[in-house]
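Visitor: I would like a close look at one part of this structure, with its surroundings.

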2 protein chains.
Amino acid sequence: MTFEVTILGSSSATPIFNRNPTSQVLNINERLYLIDCGEGTQQQMLRYDIKASRIDHILISHLHGDHYLGLVGLLSSMHLNGRKKPVILVCPAPLKEIIDLQLHYSETELQFPLEYIFTDAERAAVVIVNSDVIIETIPLDHRIACTGFLFKEKKRLRKLIKEKIEGLNISVAYYSILKKGGDYTDENGVVYKNEDLTIDSAEPKTYVYCSDTMYNESYFAQISNATLLYHEATFLNDMLDRAVITHHTTALQAGEIALKTNSKKLLIGHFSARYRTLDELLNEAQSVFPATELAIEGKTFAIE
Amino acid sequence: MTFEVTILGSSSATPIFNRNPTSQVLNINERLYLIDCGEGTQQQMLRYDIKASRIDHILISHLHGDHYLGLVGLLSSMHLNGRKKPVILVCPAPLKEIIDLQLHYSETELQFPLEYIFTDAERAAVVIVNSDVIIETIPLDHRIACTGFLFKEKKRLRKLIKEKIEGLNISVAYYSILKKGGDYTDENGVVYKNEDLTIDSAEPKTYVYCSDTMYNESYFAQISNATLLYHEATFLNDMLDRAVITHHTTALQAGEIALKTNSKKLLIGHFSARYRTLDELLNEAQSVFPATELAIEGKTFAIE
């Protein structure tokens, strides 16, 4: 199953040429989930050939402009391009008011259903469950209400051990019972234990998105054992004071969080415009957690 | 006096890679006026080295997103970059409600005064007068309330004819009276007519901005004799039906408007995303009005 994230924007609020505000596209089994939608996300989607028609879910972490100002434009374009199928928008409740007001004054009535699931930054909650994924909100610690998102693959069915099945001449009709964990009883009443005929599927992989937040151990338990942890790393650690005041994280802290939560891999982003190059941020995070990469725009990271 | 316009965005609402929604920067005597502010305007300003700190006036034609969705991001960046001096925003009144709502939910209190001048799409009005320019709104014919803008240089003072002045030994203290059109009377009571001592300054130049609108002669009188007319030309004339339905103009019509209003030069923009290249639009407008150019992004046009 495809499980990968493509970075569309990597900068924090102050603009910098050639880095865009936050947005990512998560591909889970060929369904696309857009995470945050900073200004210019549409241009970035065109640049990296991400089709808006393939996005059915949009998740917005919080209402600072660098995380949602591209949304009304994207919804308008979906409308202009004749979209009919629904968009599910997971977001803080006031975003509905902001969108409705702008559609009202532009006299636009969307030609597709826009369905809202409101987040609560006070407590974690499951917001989406489908055949591919379970999505939970993660209460973060930012200046305004903000949630991260945890994407956990649905546990797959058990896998049949081909040679064993064929040897027993089990009918195909029985396969789905075996895959779900049932034992097999043959025509003579002999019981074959499920664990002898099947093997467990791979442990579900998880993608964790934490932006924007300051270092706060309150969310560590929820995000532990991530296959891939995306964590904001706005500043170098020599600006820790500034990070605390603005409720952001340093690259060193992001490395520490990956380490403490037993993440397999760390991706850092949301870089301050003061850093023209990003090597120092990468080095700092890697000094604590070597398996770190930079969230470079246009790059796709497999979650594996 | 500098009088020139730089194009930041040239596309209509549906996005297309490498063309941006509408925005222009007008430089009048080294003061910058931003006209419309589509999504991505900040990135375009960075690309073409337009400093936000030099912009004191922003004018928004109407509340379709491709003309204003970059504004809240730009204002937020001005705030983050420590701006203290006022921004004067000329716009439809509901834009204040849209901005206030978004600043409210992001818990942003701008550190500079944002002063509004509301436009009325029903009647032309002078909205700005300063030492360089007089700015009028132009009621246009679009699907929602929309005004263009007419920028007219302030008439300069008369110019002294140096040889005549020196010959009469006129004191410097008298120069400002002569420049304003007064006669000169010498110590013997001899009167020298102003027109013998000064010459008129150049006729004020005008820049006319018409987007978005359909062809409608109601605004022709107001925009006549433009030094440079910017007019939208969303479609080729084979899509005239679509232009009428969506209240836009074709390239052929834009040429006709420039001709009928006796414009010196025409600049066309607001191109539909269906046109990957723009030559046909240019050729069509030039077939009626040869002095036409394309509003190419990054290009600066002198108003002369």
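Visitor: Which residues does A:Ile58 touch, not counting residues up to four places away in sequence?

Guide: The model is predicted. In it, A:Ile58 touches A:Leu34, A:Leu71, A:Leu74, A:Leu75 and A:Met78, and also A:Val87, A:Ile88, A:Leu89 and A:Val90, with residues up to four places away in sequence left out. The largest nonpolar core has 60 residues, and A:Ile58 is among the four that touch the most other members, together with A:Leu95, B:Ile58 and B:Leu95. In soluble globular proteins, nonpolar side chains tend to be buried together.

Charged pairs complete the picture: the structure holds 31 salt bridges over all chains. One of them joins the side chains of B:Asp56 and B:Lys85, at 3.0 Å from N to O. B:Asp56 belongs to strand E4 (residues 55-59) of chain B, whereas B:Lys85 sits 29 residues apart from it, in the loop between helix H2 (71-80) and strand E5 (87-91). With a relative accessible area of 37%, B:Lys85 is partly exposed.

Another salt bridge pairs B:Lys205 with B:Glu153, their closest N and O atoms lying 3.7 Å apart. B:Lys205 is in the loop between strands E13 (198-199) and E14 (206-210) of chain B and B:Glu153 is in strand E9 (residues 147-153), so this pair ties together parts 52 residues apart in sequence. B:Glu153 is buried at 8% relative accessible area, while B:Lys205 is partly exposed at 24%.

In chain A, the side chains of A:Asp49 and A:Lys51 form a salt bridge of 2.6 Å, N to O. A:Asp49 counts as exposed because its relative accessibility is 55%, over the 50% cut-off; A:Lys51, at 43%, counts as partly exposed.

Technical notes:
Residues numbered from 1 in each chain as written. Chains lettered and ligands numbered in written order. Predicted model: local features only at pLDDT ≥ 70, side-chain atom pairs only at ≥ 80, totals over all residues. Heavy atoms only, no water. Core = buried A, V, L, I, M, F, W, Y, C linked by side-chain atoms within 4.5 Å. Buried < 20%, exposed > 50% of the residue type's maximum accessible area, 1.4 Å probe, protein only. Contact = heavy atoms within 4.5 Å. Salt bridge = Lys/Arg side-chain N within 4 Å of Asp/Glu carboxyl O. Helix = DSSP H or I, 4+ residues; strand = E, 2+ residues; numbered from the N terminus.
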